[in-house]
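This report describes selected elements of secondary structure and their surroundings. The sequence and the structure are shown first.

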Amino acid sequence: MWKVEFRSAKLQNEVEAMIRSKVLTVEDRRIISAWIRQVSFHGPDSLQKDKKWQDHELFDKWSGYRSSSFSNRGRIIYKIEESIIKIFIERITVDHDYRRKK
């Protein structure tokens with residue numbers, strides 16, 4: 001079983017703010033939960049095999065990270081750390097925005 005975590009408390013707070021402001025919809029949250037369940041039980045390789053996630057590797061500033069779709073514009077940006085079998089969610093964006101925040 002894989003462990004999925006937010007990279008930081010700051011990111012968790014950002015996501016909670018997105019939920020409170022309804023930027024992240026109930027449907028978005030349901031799909032993100034399904035993503036977490038899938039990767040937790042079946043591993044990150046299952047995301048690449050399941051076309052609905054449109055999972056792919058990222059490049060340039062996001063080299064070493066991957067992205068999965070949870071809506072037309074929403075993305076889960078994550079990194080796999082196999083040595084400790086953890087997957088850290090780096091960012092959730094509802095508008096396909098890959099800019100890195102400082």
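## Strand pairing

Strand β4 (residues 75-81) is joined to β3 by four bridges, and the two run antiparallel. Strands here are DSSP runs of E with at least two residues, helices are runs of H or I with at least four, and both are numbered from the N terminus. Two strands count as paired if DSSP finds at least two bridges between them. Five residues lie between β3 and β4, which form a hairpin. β3 also pairs with strand β2 (residues 56-57), in the antiparallel sense and over two bridges.

Serine 67 of β3 is the bridge partner of histidine 56 and has isoleucine 77 as its bridge partner in β4.

## Side chains of β3

In a regular strand the side chains alternate between the two faces of the sheet. In β3 (residues 66-69), Arg66 and Ser68 point one way and Ser67 and Ser69 the other, and all are buried. Buried means under 20% relative accessible area, exposed over 50%, and partly exposed in between (1.4 Å probe, protein chains only).

## Helix α1

Helix α1 (residues 9-20) has 12 residues. Its buried residues are Leu11, Val15 and Met18. Just after α1, lysine 22 takes a positive phi of about 65 degrees.

## Basis of the model

The model is predicted: local features need pLDDT of at least 70, side-chain atom pairs count only at pLDDT 80 or more, and totals for chains, interfaces and linings use all residues. Residues are numbered from 1 along each chain as its sequence is written, and side-chain values use heavy atoms, with hydrogens and water left out.

Notes: Expected span 1.5 Å × (residues − 1).
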